[in-house]
Amino acid sequence: MIPWAFVRAAVVVGFAVNFVASTVFSHVRYSNTPKFCINVGAVVQLILLPILALLAWSDGAAAHGSTIGWFLSDWSRPKVWEIYFMTVIVSNMTKDLPWLIKYRTEPPNMGNLMIAHHLGCVLILTWCMAAEPPGASLFVVSTTFLEIGSGLSSLVEFYPRSEPMLRVFYWGMTWSNFQGILAMVVNVAVLQLNSWSITMMIVGVITIYFRQETALEYKENFAKIGSATLLNPEERAPPTK
């Protein structure tokens, strides 16, 4: 049964955070998203989600006797922290959607792709909470790693001309992508092929490909013009001598 109460709460909170932040903070944009959305997203991705994942792991490992037992566990014991974790991600995605839709046709023209990404994530998370598939605990861990990489991409948006920040972002993103691939392999090897693991494998491969491509693009941008991103007019033209 779809946990509509959690989904509704996530959507309401996402729009509420968006409304309050858009009222209080500047609408200066990075890419297709206002800076305040990236600020809130970075806090969620780098702080809140890892904390929820640690709470889920601590509670689950204790209940099932080990971390492996938690990874392999079904939903006979309610996964409270895992549900909170997924609800927060749905809320975070909802927060960004109005702005991604509004600015979808403006440079760097990634709006439609990001809209599809956010809607896809909301649908997959809702499906996970509804279908209660085995491997949901492993999904929480792998998603945490991926979200940390995404959070680092938010930081590099703020410091595009910092080479140390670029290195942290590039290797952090690469590490998080590797962890995501590892989780997919473990998911298939241990839990075997089913509708959930096949979907996660397809979505994961596509997502990780674009994530790593973005990391490489930022690295190439920095080598060419001394800035990881090309989001501001003064950064799009090569520096004059």
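Arginine 167 and glutamate 163 sit 4 residues apart in helix H7 (residues 163-191), a spacing of about one turn of the helix. Helices here are DSSP runs of H or I with at least four residues, strands are E runs of at least two, and both are numbered from the N terminus. This is a predicted model, in which local features need pLDDT of at least 70 and side-chain atom pairs count only at pLDDT 80 or more, while totals for chains, interfaces and linings use all residues. Residues are numbered from 1 along each chain as its sequence is written, and side-chain values use heavy atoms, with hydrogens and water left out.

The two side chains meet in a salt bridge, with 3.0 Å from N to O. The term stands for a side-chain nitrogen of Lys or Arg within 4 Å of a carboxyl oxygen of Asp or Glu. Arginine 167 is exposed, at 53% relative accessible area, whereas glutamate 163 is partly exposed, at 36%. For these words, buried is under 20% relative accessible area, exposed is over 50%, and partly exposed lies in between (1.4 Å probe, protein chains only).

## The other lysines to look at

The whole structure holds 2 salt bridges. Lysine 95 also forms one, with aspartate 96, and the closest N and O atoms are 2.5 Å apart. Here lysine 95 is buried at 3% relative accessibility, and aspartate 96 is buried at 12%.

Lysine 79 is a buried residue with no salt bridge; glutamate 82, the nearest side chain of opposite charge, is 4.2 Å away. In this count Lys and Arg are positive and Asp and Glu negative, while His and the chain ends are not counted. You will find lysine 79 in the loop between helix H3 (67-72) and helix H4 (80-102). Beyond its neighbours within four places in sequence, lysine 79 is in contact (heavy atoms within 4.5 Å) with Trp70, Ser73, Asp74, Ala136 and Ser137.

## The overall build

The protein has 9 helices and 2 strands, and along the sequence they follow the pattern α-β-β-α-α-α-α-α-α-α-α. Of its 241 residues, 45% count as buried. Among contacts with a separation of 6 or more, 72% join residues 24 or more positions apart.

Serine 154, in helix H6 (residues 136-158), is buried at 9% relative accessibility and touches Ile38, Ala42 and Gln45, leaving out residues up to four places away in sequence. Alanine 131, in helix H5 (residues 111-131), has its C-alpha atom 9.0 Å from that of tryptophan 196, which is 65 residues away along the chain.

## Surface and cysteines

The accessible surface comes to about 12,500 Å², and carbon and sulfur atoms account for 70% of that. Accessible areas come from the Shrake-Rupley method with a 1.4 Å probe, and for residues only the protein chains shown count as cover. Leu113, Ile198, Met201, Ile202, Val205, Ile206, Tyr209 and Phe210 make a nonpolar surface patch of about 720 Å². Patches take residues with over 30% relative accessible area and no salt bridge, joining like charges within 9 Å and nonpolar side chains (Val, Leu, Ile, Met, Phe, Trp, Tyr) within 5 Å. Helix H8 (residues 195-225) gives the most to this patch, with 7 residues.

As for cysteines, the structure holds 0 disulfides, a disulfide being a pair of cysteine sulfur atoms within 2.5 Å. Cysteine 37 is buried at 2% relative accessible area, while cysteine 121 is partly exposed at 22%.
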